[in-house]
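Here are my notes on the model you sent over.

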Protein chains: 2
Amino acid sequence: MANDLEISRAATLQPITDVARSAGIPEDALELYGRYKAKVNPALVPRRAERGKVVLVTAMSPTPAGEGKSTVTVGLGDALARAGQKTVIALREPSLGPVLGMKGGATGGGYSQVIPMEEINLHFTGDFHAITSANNALAALVDNHIFQGNELGIDPRRITFRRVMDMNDRSLRHIVVGLGGPGQGTVREDGFDITVASEIMAVFCLATDIEDLTSRLARITVGYTWDRKPVTVADLRVQGALALLLKDALKPNLVQTIAGTPALVHGGPFANIAHGCNSVIATSLGRDLADVVVTEAGFGADLGAEKYMDITSRVADVAPDAVVVVATVRALKMHGGVPRERLDEPNLAGLEAGTANLRRHVRNLGKFGFSPVVAINRFTTDTPEEVEWLLGWCSQEGVDAAVADVWAQGGGGPGGDDLAAKVLAALKRNVDFQPLYPLQMGVAEKIRTVVREIYGADDVEFSVPALRRLEEIEANGWENVPVCMAKTQYSFSDDAAKLGAPEGFTIHVRDLVPKTGAGFIVALTGAVMTMPGLPKQPAALRMGVAADGTPSGLF
Amino acid sequence: MANDLEISRAATLQPITDVARSAGIPEDALELYGRYKAKVNPALVPRRAERGKVVLVTAMSPTPAGEGKSTVTVGLGDALARAGQKTVIALREPSLGPVLGMKGGATGGGYSQVIPMEEINLHFTGDFHAITSANNALAALVDNHIFQGNELGIDPRRITFRRVMDMNDRSLRHIVVGLGGPGQGTVREDGFDITVASEIMAVFCLATDIEDLTSRLARITVGYTWDRKPVTVADLRVQGALALLLKDALKPNLVQTIAGTPALVHGGPFANIAHGCNSVIATSLGRDLADVVVTEAGFGADLGAEKYMDITSRVADVAPDAVVVVATVRALKMHGGVPRERLDEPNLAGLEAGTANLRRHVRNLGKFGFSPVVAINRFTTDTPEEVEWLLGWCSQEGVDAAVADVWAQGGGGPGGDDLAAKVLAALKRNVDFQPLYPLQMGVAEKIRTVVREIYGADDVEFSVPALRRLEEIEANGWENVPVCMAKTQYSFSDDAAKLGAPEGFTIHVRDLVPKTGAGFIVALTGAVMTMPGLPKQPAALRMGVAADGTPSGLF
């Protein structure tokens with residue numbers, strides 16, 4: 001069996017200039033990065049009178065291995081192209097930390113990948129490096145401001161803006177900086193997050209153009225003064241320098257799928273700590289290039305899709321026209337109580353028990369106005385009986401469903417035809433999209449609404465620090481923005497062990513973090529981490545490069 | 001008066017494909033990065049039977065503002081091209097930290113610049129980001145190894161490999177990592193250097209190809225075990241992953257000067273802490289493309305040129321065929337005792353007194369076999385009398401000299417003609433190049449040789465820790481490599497205040513750092529810093545970007 005890197009390398013790559021031409025991108029809008037990657041300047045792409053429709057791919061609560069959401073997104077895009085639709089795929093960029101740690105790669109899988117996978121997985125066009133640089137330039141400028149006299153009166157104990165690195169490095173979670181004497185700065189507690197958890201990443205993905213980016217950067221709160229007034233980037237007068245560091249990165253990246261479908265891979269915030277979807281600039285550009293844009297929201301629908309509806313769709317004209325929920329026989333069995341080491345064995349009873357999880361996700365999407373299409377992402381271990389049973393269950397529930405055999409067949413083959421047909425039918429239906437809550441609602445009430453309506457919790461409980469933060473948020477007039485829930489992706493609850501569709505639980509908000517640049521308030525629940533660690537056997541151990549430059553170990 | 005960014009933007013850029021064609025680079029060796037930057041795969045460029053000659057540009061001891069060494073390098077390259085020589089310029093890449101801090105840009109100046117300057121100064125093709133990632137991946141893998149059971153028995157108190165960031169951030173010089181409890185790693189002292197001070201940067205610039213890079217990476221010492229045995233990257237088995245992270249960065253970057261001369265801008269180690277010149281891969285590639293390669297060594301000739309001769313020229317076939325020493329009327333006056341705020345006033349007596357500095361540099365270069373050409377880099381404040389006097393002094397000393405008016409006129413104009421003629425004459429002379437010392441000499445003796453022969457010191461004094469380190473170096477069999485002196489660039493001594501040509505002083509070596517991957521031993525003298533800080537008014541404060549993407553404030 002070929003691995004993802006081998007499949008990717010065996011694929012025939014079209015010159016990216018050809019992909020761009022077929023996508024209708026004017027030549028002067030294209031900036032080449034090697035032969036198979038390019039950046040696209042959206043300002044030089046003409047607006048379409050009838051803009052393309054948006055298909056959002058989300059998923060049921062995942063297993064730790066993931067349910068192949070990116071694979072289905074790529075496969076569905078290819079299948080729609082095969083069905084004669086002008087299609088563009090919009091995906092997040094992979095983060096280097098997890099690539100070196102657990103995953104080895106994050107560009108879809110099997111025959112449904114975006115390529116060249118090794119370049120997309122390693123550095124790509126440098127966007128994450130630019131975001132890391134802008135983040136850390138700001139952090140250095142804050143500490144330097146204090147060192148050089150602290151005109152603004154920043155309280156070093158109340159700096160909230162942390163440094164970042166695109167790496168899994170647990171040793172940097174909690175650090176002390178500025179040691180070594182008065183010439184080396186001010187001693188204070190600090191820490192690094194992974195780059196995808198940076199507010200600059202969120203700002204980058206929500207900005208509609210360079211001016212909007214600059215304004216959002218200016219609004220970022222970096223900390224508080226000795227008398228508890230917020231200090232922003234605008235106070236430091238460095239939003240221009242940060243925007244300058246991001247100006248090229250802000251242009252979406254064009255690559256292709258193995259089947260040759262154009263893909264915009266751009267931005268990549270974590271879906272647990274931020275809103276978790278690719279840049280709105282890329283999705284918006286896709287709507288000017290194609291009839292259909294297929295995009296993906298991170299983690300399960302309780303996290304990624306909810307945020308897509310309540311955060312992303314409010315800042316730009318990218319609201320979904322149809323929603324696909326990826327489900328797998330394996331994940332359903334896991335939610336049905338089957339132990340992880342027995343997921344490869346046929347188990348209809350477990351499968352049936354697990355449907356409670358999928359049902360809740362499907363019903364939740366109804367609250368935003370959607371009748372989603374369930375995509376059953378086929379794994380080689382699925383039995384025909386299990387797949388048939390699941391199709392039957394969907395039909396009984398009145399839910400559209402299709403098997404997606406895109407990992408093995410590729411969307412360029414017939415494996416995604418059924419799903420594409422169901423999605424095209426869904427796109428013909430009228431959708432009355434609406435976010436879950438109005439922005440004018442109080443912050444605690446917004447959180448309570450998400451927790452009750454989407455998670456199925458009885459209520460939310462705020463810690464003492466979170467309650468104090470609520471008061472500060474009101475005092476600063478920051479309450480009229482969406483909430484961004486930071487929660488485990490494995491459960492509807494904030495306890496990763498509560499599988500299926502748990503009932504009678506409470507969500508514990510341990511802290512609230514106002515992200516005044518991104519324009520949302522993060523509610524931290526449970527033990528969500530903003531800097532992952534490496535495993536005992538990191539993927540890096542198997543990686544290498546031959547004398548001719550051929551990479552190995554990325555799979 | 002136009003600033004550097006305005007001059008750069010007003011220049012006519014040729015498509016980089018045209019520049020590559022005129023340089024004789026085969027089309028399949030070229031990887032475009034936008035319209036005006038490209039990477040060149042040296043493996044796809046044919047070897048020349050008669051390889052180009054190498055002109056090394058160095059300088060007298062500089063003022064804090066610098067003597068325009070890059071400007072003269074670019075101007076001389078342009079002038080050689082204007083004189084009908086097939087010429088390639090090889091330069092270091094700018095570091096983002098100083099760009100945001102003091103300098104605003106580092107790509108030459110006036111009409112002798114490499115362009116597009118804003119792209120070269122900001123991210124460029126991402127090489128420094130790749131080096132930062134490789135460095136920090138290694139650091140994370142070391143801490144993770146300890147966290148996951150520490151099979152190799154690494155002593156957390158004796159980890160010598162530090163993290164890096166391409167930023168001026170003094171708060172990160174001395175930090176404590178791993179705080180927060182047993183799940184967050186092991187508490188230990190650590191710190192960040194600026195990326196250009198990373199051993200990975202030195203390895204990158206000295207590697208002759210990807211296999212040599214991998215071997216050098218494998219040999220890097222990251223720390224010591226509990227029983228004081230060195231631990232290398234090979235022990236951690238991650239040289240393959242690090243090489244993979246660097247494989248694209250290792251291809252030299254092609255840009256152009258304002259006059260259209262091809263320039264390879266690649267790699268950029270600090271000349272105080274490392275060997276301080278661009279990658280040997282780039283210089284070597286230049287020798288296969290052109291009759292003359294003009295390259296630059298960092299800081300004054302006591303640092304950059306000495307290291308070019310004793311380190312760089314030993315690892316690859318890039319020994320200089322001629323040497324240019326940049327001198328300025330301003331710097332000579334400063335070394336002659338004129339206070340900094342009066343350097344703009346005519347002062348022949350000060351000028352004369354300052355020649356002692358230049359004389360020592362010229363004589364030093366003779367010890368390597370060279371009769372250098374002095375390039376008088378004209379500043380607008382220089383009087384005709386001062387310049388004439390200086391030319392006369394050079395003639396009296398028997399030193400070739402020429403005025404380089406390349407900042408104002410550009411090397412494309414006649415401002416560099418005289419210098420080019422002198423350099424071409426120098427290239428016709430026979431050179432008996434030799435390094436200063438043989439590798440078999442003991443480490444202390446090598447250091448003593450450099451400080452006596454080049455700096456003019458009476459002797460060297462080793463601190464107690466340095467003496468202990470000398471024993472360790474011998475015990476580990478690491479002594480047969482060159483030494484890499486880390487010293488202030490402002491003085492021949494280790495005291496920045498001792499200007500001119502000081503006598504009767506001692507050099508204090510406070511520590512020795514074996515860089516087993518780069519293949520040299522760093523001798524730290526005085527108070528050399530490996531992580532700069534930002535000034536009170538960082539250049540970042542004036543930077544910005546317009547709605548159409550036009551940058552401002554980079555000058």
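1. Start at B:Gly109, whose bridge partner in strand 6 of chain B is B:Ser112. Keep in mind throughout that this is a predicted model. Strand 5 (residues 108–109) of chain B and strand 6 of chain B run antiparallel and are joined by 2 bridges. The hairpin they form has 2 residues between the strands, and B:Gly110 takes a positive phi near 60° there.

2. Strand 6 of chain B also pairs with strand 14 (residues 253–257) of chain B, again in the antiparallel sense and over 2 bridges. Look for B:Val114 here: its bridge partner in strand 14 of chain B is B:Thr257.

3. Which way do the side chains of strand 6 of chain B point? B:Ser112 and B:Val114 go one way, B:Gln113 and B:Ile115 go the other, and all of them are buried. In a regular strand, side chains alternate between the two faces of the sheet.

4. Follow the chain on to the next peptide bond. B:Ile115 and B:Pro116 are joined by a cis peptide bond, with omega about 0°, and B:Pro116 sits in the loop between strand 6 and helix 5 (117–121) of chain B. In chain A, the peptide bond from A:Ile115 to A:Pro116 is cis, with omega near 0°. A:Pro116 is in the loop between strand 6 (112–115) and helix 5 (117–121) of chain A.

5. Two non-glycine residues with positive phi deserve a look. A:Arg237 has phi near 60° and is placed in the loop between helix 9 (233–236) and helix 10 (239–246) of chain A. B:Phe299 has a positive phi of about 55° and lies in the loop between strand 16 (292–296) and helix 12 (301–315) of chain B. With a relative accessible area of 23%, B:Phe299 counts as partly exposed.

6. Is B:Asp166 buried or exposed? B:Asp166 is buried, at a relative accessible area of 7%, although it lies in a loop, the one between strand 8 (163–165) and strand 9 (175–177) of chain B. A polar atom of the B:Asp166 side chain lies 3.2 Å from the backbone nitrogen of B:Leu96. Leaving aside residues up to four places away in sequence, B:Asp166 touches B:Ser95, B:Leu96, B:Gly97, B:Phe128, B:Thr132, B:Ile194 and B:Thr195.

7. Now the interface. 69 residues of chain A are in contact with 71 residues of chain B, and the area buried between the chains is about 5,900 Å², with carbon and sulfur atoms giving 62% of it. The rule finds 2 salt bridges across this interface, one of them between the side chains of A:Arg163 and B:Asp169 (2.9 Å, N to O). There are also 31 residue pairs in polar contact, both residues at pLDDT 80 or more. Helix 6 (residues 127–147) of chain A gives the most to the chain A side, with 10 residues. By class, that side has 37 nonpolar, 19 polar and 13 charged residues.

8. A:Gly350, in helix 14 (residues 348–366), is buried, with a relative accessible area of 4%; beyond four places in sequence, A:Gly350 touches A:Leu332, A:Lys333, A:Gly336 and A:Val338. In helix 18 (residues 443–453) of chain A, the buried residues include A:Lys446 and A:Arg448. Among the elements covering the buried residues of helix 18 are helix 12 (301–315) and strand 22 (506–515) of chain A.

How values were computed. Residues numbered from 1 in each chain as written. Chains lettered and ligands numbered in written order. Predicted model: local features only at pLDDT ≥ 70, side-chain atom pairs only at ≥ 80, totals over all residues. Heavy atoms only, no water. Contact = heavy atoms within 4.5 Å. Buried area = accessible area lost by both parts, 1.4 Å probe. Salt bridge = Lys/Arg side-chain N within 4 Å of Asp/Glu carboxyl O. Polar contact = N/O pair within 3.5 Å; in protein donor to acceptor, adjacent residues only side chain to side chain. Helix = DSSP H or I, 4+ residues; strand = E, 2+ residues; numbered from the N terminus. Nonpolar A, V, L, I, M, F, W, Y, C, P; charged D, E, K, R; others polar. Buried < 20%, exposed > 50% of the residue type's maximum accessible area, 1.4 Å probe, protein only. Pairing = 2+ DSSP bridges.
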